[in-house]
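Here's a quick briefing to read alongside the model. Keep the 3D view open and find each piece as you go.

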Amino acid sequence: MNATLKYLAGITGPSGYGSKSTAEQITQDCMGVLPCNLTAIVTGATSGIGAETARVLAKRGVTIIIPARDLRKAARVKECLLKENPAADIILLEIDLSSFASIQRFCSEFLSLGLPLHILINNAGKYSQKLEFSEDKIENTFATNYLGHFLLTEMLLGKMVETAAETGIQGRIVNVSSVIHNWVKRNNFCFCKMLSPKSYNGTRAYAQSKLANILHAKELSRQLKARKANVTINAVHPGIVKTGIIREYKGFITDSLFFMASKFLKSTSQGAATTCYIALSPQMARVSGKYFADCNESRCSALANNEIEAHKLWKQTKALIHRRLLQPAG
């Protein structure tokens, strides 16, 4: 059946879910087998898909850590979550995902709490029309969407592996990517140029960062399997949801195009469904290094599947972060 028609009809795939499935539905189906006292970190949880992911997980009894650059905004989200579920356990901590120093401070603060860590959802995303640089002097979209989540995952991975070993509960990492990663061609995927591009295109930068998110999941999955760690990592395309990040795409996706394509857009709860499926579903036990859309395994680009590129990107990223942490940018 044509994939577009299947998407529009909401026809379910092998998982039993499809494009019309919601985070509420999926997490409700998991309730009978959901372990108690889970803890999850959800980046980008102050709006959009991230906020919905946090809301639904909190509703199912998961302790939620919300890392936020704007703690006032995070406090409003927490207030809304507690109104719906007064028993929810929500912890707010400050972070700027474009800053290596800020990520280090966040991780130190989280680890000092002595909490376990079962789920890490790398959801936050940035799109910028203009070329901007982080405090580490790196192009901001790549710094936030990919490098920030890479470092966050690296610094928390030991806690996740330890938690899984002590509790017997599989740790799960979810990298929120995008179908737009397919737009990236091999000759446009150069690490040095992505750090400091001479010519800038916001859509290209965003697509490159989302391709990097998938390659990160592929390589880290390989490493986790090699060390026999009880932690998985997968990448997801949440679907196209008209959230704050999409409204930044002036000239790329206009309001008129959204109107014409409205049948293709997901609700926020539908957008959060695949993330919640990967994070909680028992069907995802031991599944790692895959790419999902509409709660089912999907095809990613040939470049995203390239193991050599994944390992190369990993080595380049590790080397960069090591240098910057030893010699912070002035």
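Start with Phe189: leaving out residues up to four places away in sequence, Phe189 touches Val184, Met194, Gln208, Leu211, Ala212, Leu215, Leu303, Glu309 and Leu313 (a contact means heavy atoms within 4.5 Å). Keep in mind that this is a predicted model, where local features need pLDDT of at least 70, side-chain atom pairs count only at pLDDT 80 or more, and totals for chains, interfaces and linings use all residues. Residues are numbered from 1 along each chain as its sequence is written, and side-chain values use heavy atoms, with hydrogens and water left out.

**Nonpolar cores**

- Phe189 is also one of the residues with the most contacts inside the largest nonpolar core, along with Phe106, Leu152 and Leu156; this core has 56 residues.
- A nonpolar core here is a set of buried Ala, Val, Leu, Ile, Met, Phe, Trp, Tyr and Cys residues joined through side-chain atoms within 4.5 Å; buried means under 20% relative accessible area, exposed means over 50%, and partly exposed is in between (1.4 Å probe, protein chains only).
- At least two residues of this core come from each of helix 5 (100–112), helix 6 (140–167), helix 7 (191–195), helix 8 (202–226), strand 6 (231–237) and helix 12 (307–326). Helices (H or I, at least four residues) and strands (E, at least two) are DSSP runs, numbered from the N terminus.
- In soluble globular proteins, nonpolar side chains tend to be buried together.

**The sheet and its helices**

- Look for an open sheet of 8 strands in the order 3-2-1-4-5-6-7-8, with mixed pairing (two strands pair if DSSP finds at least two bridges between them).
- Strand 3 (90–94) and strand 8 sit at the edges with a single partner strand each, so one side of each has no neighbour in the sheet.
- Strand 5 (residues 171–176) pairs with strand 6 in the parallel sense over 6 bridges, and Arg172 stands opposite Thr232 in strand 6.
- Helix 3 lies across strand 1 (39–42), strand 2 (63–68), strand 3 and strand 4 (119–122), and it runs at about 170° to strand 1. Axes are lines fitted to C-alpha atoms, for helices over the stretch in contact, and angles run from 0 to 180 degrees between N-to-C directions.
- Helix 4 (residues 71–84) packs on the sheet too, touching strand 2 and strand 3, and its direction makes about 175° with that of strand 3.

**Asn122, a buried spot in the sheet**

- Asn122 belongs to strand 4 and is buried, with a relative accessible area of 2%.
- Not counting residues up to four places away in sequence, Asn122 touches Thr43, His149, Leu152, Thr153, Ile173, Val174, Asn175 and Val176.

- Helix 8 and helix 12 pack at an angle of about 95°, with their axes 8 Å apart. They are therefore roughly perpendicular to each other (the label covers 65 to 115 degrees, while under 35 is roughly parallel, over 145 roughly antiparallel and the rest oblique).
- Where they meet, residues including Ala212, Leu215 and His216 in helix 8 face Ala310, His311, Leu313 and Trp314 in helix 12.
- In helix 11 (residues 273–280), 8 of the 8 residues are buried, so this helix is largely enclosed by the rest of the structure.

**Salt bridges**

- The structure holds 13 salt bridges, each a side-chain nitrogen of Lys or Arg within 4 Å of a carboxyl oxygen of Asp or Glu.
- Arg55 forms one with Glu24, with the closest N and O atoms 2.7 Å apart. This pair links distant parts of the chain, helix 3 (residues 48–59) and helix 2 (residues 23–30), 31 residues apart.
- Arg55 is buried at 19% relative accessible area, whereas Glu24 is partly exposed at 22%.
- Lys59 forms a salt bridge with Glu24 as well, at 3.2 Å between the closest N and O atoms.
- Lys266 and Asp294 meet in another salt bridge (2.6 Å, N to O), and both of these residues are buried.
- Through shared partners, salt bridges join Glu24, Glu52, Arg55, Lys59, Arg60 and Glu84 into one network.
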